Amino acid sequence: TPQMIVQGVDHVVGADHAAVTTLIAAHQARPPAAALEVARDGARLRVRVAPTSPAGAGPSEVFVVRFLASETVAIAHGENAGHEIDYANIVTDWSPVARWDGRSVADLTLEIAGPEPVAVIVQRERQGEVLTAARLP
């Protein structure tokens, strides 16, 4: 679709490169509402999330996203039939793993299988603002 949602809150037409770049830069300039530490230890993923202000970050959800870094796909049908298209960051699984109250420190140890890269996203409840995220190869 042509729509993009930046940081879970700002809607923009994805083909408008200047608008997308401006929104991303604006969000990157803000301090994160939560601190996130992520480490992989074999088949375990250790996640630590903490608020960055005394007021807290608000009730949130912690998600683990599994993805393939890249893949070339031969298109067999449709308007792109006969072409090969390179895809990047192909999400294979998006799982909620914990609810976080946004006030205390949360230490999680999660079992993960396989060598695929992983991302952790902390997002306010009900598909709200993305507070912080981290990616591990």
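Arg-66 lies in strand 5; strands here are DSSP runs of E, at least two residues, and helices are runs of H or I, at least four, numbered from the N terminus. This is a predicted model, where local features need pLDDT of at least 70, side-chain atom pairs count only at pLDDT 80 or more, and totals for chains, interfaces and linings use all residues. Residues are numbered from 1 along each chain as its sequence is written, and side-chain values use heavy atoms, with hydrogens and water left out.

Back to the arginine. Arg-66 counts as buried because its relative accessibility is 10%, and buried means under 20% relative accessible area (1.4 Å probe, protein chains only). A polar atom of the Arg-66 side chain sits 3.3 Å from the backbone oxygen of Gly-114. Leaving aside residues up to four places away in sequence, Arg-66 touches, among others, Arg-40, Asp-93, Gly-114 and Glu-116; contact means heavy atoms within 4.5 Å.

Next, the cores. A nonpolar core is a set of buried Ala, Val, Leu, Ile, Met, Phe, Trp, Tyr and Cys residues joined through side-chain atoms within 4.5 Å. The largest has 20 residues, and Leu-45, Trp-100 and Val-120 have the most contacts inside it. Elements giving two or more residues to this core include strand 3 (34-41), strand 4 (44-51) and strand 5. Another core, of six residues, lies apart from it and includes Phe-63, Phe-67, Ala-119 and Ile-121.

What does Trp-100 touch, not counting residues up to four places away in sequence? Its contacts include Ala-34, Val-49, Pro-59, Val-122 and Leu-131.

Notes. Buried < 20%, exposed > 50% of the residue type's maximum accessible area, 1.4 Å probe, protein only. Polar contact = N/O pair within 3.5 Å; in protein donor to acceptor, adjacent residues only side chain to side chain.
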